[in-house]
Amino acid sequence: MTHSRPASPSGSLPDPQSEPLLSLLRDLKQLVELESPSSDALAVCAVQDVVEGWARAMHASTHSLPGGTRQLLFGAAAEPSTGPSASERPILVLAHADTVWPHGTLAEMPLRVENDRVYGPGSYDMKGGIAGLFAALRALDGQYPAGGIEVLLTPDEEIGSTQSRPVIEAAARRARAVLVVEPPVADSHALKSGRKGVGHFVVGLSGVAAHAGNKPHEGASAITEAAHQLLAVQALADAAAGTTVSVGFISGGGAVNVIPAQARFEVDVRVASLAEGERIDTAMQSLRPHDRRVSLNVTGGLNRPPFERGPETLALFGQARKLAADLGFDLSEEVVGGGSDGNFTAALVPTLDGLGAPGDGAHAAHEHIRLDRWPDHVRLLTALLREI
Ligand SMILES: [Zn+2]
């Protein structure tokens, strides 16, 4: 395994002779120090502006698309599509500029280097992926593949990509392959060859209020009904099929001496196949109350289809593994439970995910990138952009 020089001790920057790493860290710092929670469109825009500036400095053509996505076109992708042949289609790279972290997080979790790790909000998921992508694009030195490279930098991945989904799907339809610069799997640093589909359901319950002491029989408890329903919902999980179901939020009632008329719970669902998604959707819509005086209102559904581990993705992974071996390291692939924008494209075009910065702690306080492994993953992405 080839590695860059190890980083220097806690608190200081790594060996200044490791120029590629320093340049990655400079770009990462610029992005992480602009906090960009999904809910603040202007803050997300500020990150997109910086990245668009990097692209323009490389003579890419850049465009603002409906829904707040930035499109950055390198090489032939800057020209209108010239023909139907597969090799003339661009490689599409997906990245997102938003993070799960609210404003003020940076004061609690400042960007910092400790040993061979760099910590900071949004570093691993996925500002490191953006910094690594630009290092790879610059390393191509203007020699873009036939068809060019199209980068979409979206604003809303962490909140379900409602705004950006149409432009992602349209770009995927004209691409020959999709590379997603979400981080690789923690610890194994494996690429992501499949992701579960993600569903979110809300079950609202309306019963009848009554005095809990004097006339409880006149009431119909929304909370008791919710208890029955949520056990039925949890029972829809099927470990063998890869389906998980979790009621992650519940509320209801008011004063303790009143039979509660209102309750609500929310359900997180992950499925490995579309068939399982349809089974859960049908079951959720078919829920019926035990107590007929309570009405149920089920909303929501699958907001990301499963990214099924298929032969086209495995062929792409085969190329990646060979390129990694040439670079001197082993690469594996895994199917993961979390969704990404790759879930939208995998059904349309060969998609490989996890090509961002290696590390751990997505959405957690210990979020970090592994500096000892990062340059290898940037070299791998560079080789993929050159070879596929
Ligand atoms: Zn992400």
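**Core, metal site and sheets**

Leu385 touches Ile91, Val93, Leu133, Ala136, Leu137, Leu140, Pro145, Ile149 and Leu179, with residues up to four places away in sequence left out of the list. The model is a predicted one.

Me: Which residues touch the most other members of the largest nonpolar core?
Reply: This core has 44 residues. Helix 2 (41-57), strand 2 (70-74), strand 3, helix 4 (123-139), strand 6 (149-154), strand 7, helix 8 (311-327) and helix 10 (374-387) each supply at least two of its residues. The members that touch the most others are Phe74, Phe134, Leu137 and Leu385.

Me: How many residues does the other core hold?
Reply: The other core lies apart from the largest one. Among its members are Ala222, Leu236, Val267 and Val298. Its residue count is 21.

Me: Why is helix 4 described as largely enclosed by the rest of the structure?
Reply: Buried residues are those under 20% relative accessible area. Helix 4 has 17 residues and is largely enclosed because the number of them that are buried is 14.

Me: At about what angle does helix 4 run to strand 18?
Reply: Helix 4 lies across strand 5, strand 17 and strand 18 (368-370). The angle that helix 4 makes with strand 18 is about 55°.

Me: Which residues coordinate the zinc ion?
Reply: The donor atoms lie at 1.9 to 2.6 Å from the zinc ion. Along the chain, the donors follow the spacing H-x28-D-x56-E.

Me: How many residues apart are His96 and Glu182?
Reply: His96 belongs to strand 3 (residues 91-96), whereas Glu182 is in the loop between strand 7 (177-180) and strand 8 (191-195). Both His96 and Glu182 are buried. This pair links distant parts of the chain, with a separation in residues of 86.

Me: Which strands stand at the edges of the open sheet of four strands?
Reply: The order of this sheet is 4-5-18-17, with antiparallel pairing. Two of the strands have a single partner strand each, so one side of each is left without a neighbour in the sheet. The edge strands are strand 4 (112-114) and strand 17 (359-360).

Me: Which residue of strand 5 stands opposite Arg112?
Reply: Strand 4 and strand 5 (residues 117-119) pair antiparallel over three bridges. The residue opposite Arg112 is Tyr119.

Me: In strand 13, what is the bridge partner of Gly199?
Reply: Strand 9 (residues 197-206) and strand 13 (residues 262-271) run antiparallel and are joined by ten bridges. Strand 13 also pairs with strand 11 (residues 244-252), in the antiparallel sense over eight bridges. The partner of Gly199 is Val269.

Me: Is Leu231 buried or exposed?
Reply: Leu231 lies in helix 6 (residues 222-234). Its relative accessibility is 61%. Because the cut-off for this class is over 50%, Leu231 counts as exposed.

Conventions: Residues are numbered from 1 along each chain as its sequence is written. This is a predicted model: local features need pLDDT of at least 70, side-chain atom pairs count only at pLDDT 80 or more; totals for chains, interfaces and linings use all residues. Side-chain values use heavy atoms; hydrogens and water are left out. Donors are N, O and S atoms within 2.8 Å of the metal (3.2 Å for Na, K and Ca); water is not among the atoms, so sites may look incomplete. Buried means under 20% relative accessible area, exposed over 50%, partly exposed in between (1.4 Å probe, protein chains only). A nonpolar core is a set of buried Ala, Val, Leu, Ile, Met, Phe, Trp, Tyr and Cys residues joined through side-chain atoms within 4.5 Å. Contact means heavy atoms within 4.5 Å. Two strands pair if DSSP finds at least two bridges between them. Axes are lines fitted to C-alpha atoms, for helices over the stretch in contact, and angles run from 0 to 180 degrees between N-to-C directions.
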